[in-house]
Amino acid sequence: MANATGFFTPSVPCLRRKIQPSIGISRSGICFSEGIFRRVVCSSGIEGAEKHFSPSKSRVPKLVSKGCKLVGCGSAVPILSVSNDDLAKIVDTSDEWIYVRTGIRNRRVISGKESLKSLAVEAARKALEMADVDRNDLDLILMCTSTPDDLFGVAPQVQRELGCTKTPLAYDITAACSGFVLGLVSAACHIRGGGFRNVLVIGADIISRIVDWTDRGTCILFGDAAGAVLVQACDAEEDGLLGFDLHSDGEGGRHLGAPINDDRTNDLLGSNGSVLDFPPKRSSYNCVQMNGKEVFRFAVRCVPQSIESALEKAGLTASSIDWLLLHQANQRIIDAVATRLEFPQEKVISNLANYGNTSAASIPLALDEVVRSGKVKSGQTIATAGFGAGLTWGSAVIRWG
């Protein structure tokens with residue numbers, strides 16, 4: 001690890017060789033678990049709680065054997081396709097320049113009446129249809145996005161558009177390109193620790209809204225899309241989330257983000273020398289800002305380590321995995337990670353050429369394509385990883401179907 005002036009901080013290790021007990025919250029208190037949460041020991045996390053319960057209820061461990069599985073998926077993309085040649089008309093670039101450096105040929109961009117919500121709803125409906133689950137049987141909707149139609153969140157609006165009348169909760173998760181992996185793990189926690197049965201996880205982003213279309217370093221990379229997966233409770237023997245590994249590092253966030261624009265100047269000084277800082281100015285956000293070289297270094301270093309950690313927790317090796325599905329950021333990153341993990345190219349899923357980097361949507365979008373094409377079959381295992389702004393990164397080993 002580098003010191004505090006470097007890209008990573010000592011307090012955020014990229015790989016934990018020793019599996020540490022995980023901690024979560026259940027209705028009965030704090031849950032400590034090992035491995036893949038098939039056996040969870042729960043004890044009260046409230047001091048003095050034993051006064052309100054009999055010794056047999058407060059001291060005897062409670063075993064939870066609930067699992068979760070992925071039973072449906074769906075995706076949606078905007079109608080408008082923008083090619084590299086189209087971009088070459090507005091910035092100094094070319095199809096060859098873009099493709100050699102990124103592996104991208106085309107991307108989809110919203111237009112007309114399309115919105116994040118409309119794409120998310122379409123993807124969600126397809127996932128529900130594949131899973132054969134009624135919208136009113138949903139217990140939770142997790143909306144993984146960093147570009148909501150409403151700053152206060154879009155999940156409740158998606159819930160309304162789906163026509164869910166009984167869903168008790170819908171909320172947003174903001175973690176950029178890692179959002180969908182965090183959503184999967186969150187869904188598993190709600191099912192295993194909260195008694196939920198059907199959780200809809202949606203990954204969707206409209207990055208075109210926050211891209212500087214005059215900056216060829218960033219505008220060539222991104223596209224818009226939505227993808228969704230239905231995660232359902234099952235017996236422990238059928239569990240489909242076999243292991244996971246999650247991290248964040250705010251120290252590296254300076255290399256990729258869209259921070260608020262602070263345009264304060266000396267003009268704020270009043271005639272008497274006081275600072276006129278009230279009422280505050282209306283805030284706005286900058287376009288996506290990225291240090292491509294540092295992000296590349298971060299991804300090829302930490303993503304393989306995270307996947308190895310998730311595999312270790314699952315008790316599996318890379319050679320036993322059927323497919324590798326990474327966040328579709330850059331083909332060079334995908335190739336570098338696959339090489340370090342010794343994954344053969346025929347096991348690597350990639351649709352980057354057609355859609356570009358769709359942030360939180362990239363993993364479920366690619367998953368939906370390979371499932372519907374019959375490439376990925378029920379019972380097969382997938383090592384997946386998201387990584388990006390925050391910085392955040394995480395991996396999950398999943399079984400489809």
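## Briefing on a predicted protein model

Just after helix α11, G374 takes a positive phi of about 85°. The model is predicted. The protein has eleven helices and 18 strands. Of its 401 residues, 50% count as buried. Among contacts with a separation of 6 or more, 76% join residues 24 or more positions apart.

- Helix α11 is mostly covered, with nine of its eleven residues buried.
- The buried residues of α11 are S362, I363, P364, L365, A366, L367, D368, V370 and V371.
- S359 lies in the loop between α10 (352-355) and α11 (362-372).
- What is the phi of S359? The value is near 55°, which is positive in a residue other than glycine.
- Is S359 buried or exposed? S359 counts as buried because its relative accessible area is 3%, and the cut-off for buried is under 20%.

**Other backbone features**

- Most residues other than glycine have a negative phi, and most peptide bonds are trans.
- A176 is not a glycine, yet its phi is positive, at about 50°.
- A176 sits in the loop between β9 (169-173) and α6 (179-194).
- With 12% relative accessibility, A176 counts as buried.
- The peptide bond from G390 to L391 is cis. Its omega is near -15°.
- L391 belongs to the loop between β17 (381-388) and β18 (392-399).

- L352 is placed in helix α10.
- How accessible is L352? Its relative accessibility is 0%, so L352 counts as buried.
- Leaving out residues up to four places away in sequence, L352 touches T102, G103, I104, N106, Q328, A329, N330, Q331 and N357.
- L352 and R107 are 245 residues apart along the chain. Their C-alpha atoms are separated by 8.6 Å.

**Helices α4 and α5**

- Two packed helices are described by the angle between their axes and the distance between the axes.
- Helix α4 covers residues 116-131, and helix α5 covers residues 155-162. They pack at an angle of about 55°, and their axes are 10 Å apart.
- That angle makes α4 oblique to α5.
- The crossing of α4 past α5 is right-handed.
- Which residues meet here? From α4 come K117, A120, V121, A124 and R125. From α5 come Q157, V158, R160, E161 and L162.
- The residues of this contact between α4 and α5 divide into five nonpolar, one polar and four charged.

**Helices α8 and α9**

- Helix α8 spans residues 292-314, and helix α9 spans residues 331-340.
- Their axes come within 9 Å and cross at roughly 40°.
- The two helices, α8 and α9, are therefore oblique to each other.
- The crossing of α8 past α9 is right-handed.
- On the α8 side, the contact uses F296, A299, V300, R301, V303, P304 and I307. On the α9 side, the contact uses R332, I333, A336, V337 and R340.
- How do the residues of the contact of α8 with α9 divide? The count is nine nonpolar, no polar and three charged.

**Cysteines**

- A disulfide is a covalent bond between the sulfur atoms of two cysteines.
- How many disulfides does the structure hold? The number is zero.
- The cut-off for a disulfide is within 2.5 Å.
- C189 is partly exposed, at 43% relative accessibility.
- C164, in contrast, counts as buried, at 10% relative accessibility.

Terms used
Residues numbered from 1 in each chain as written. Predicted model: local features only at pLDDT ≥ 70, side-chain atom pairs only at ≥ 80, totals over all residues. Heavy atoms only, no water. Helix = DSSP H or I, 4+ residues; strand = E, 2+ residues; numbered from the N terminus. Buried < 20%, exposed > 50% of the residue type's maximum accessible area, 1.4 Å probe, protein only. Axes fitted to C-alpha atoms, helices over the stretch in contact; angles between N-to-C directions. Parallel < 35°, antiparallel > 145°, perpendicular 65-115°, else oblique. Left-handed = near helix turned anticlockwise from the far one by under 90°. Contact = heavy atoms within 4.5 Å. Nonpolar A, V, L, I, M, F, W, Y, C, P; charged D, E, K, R; others polar.
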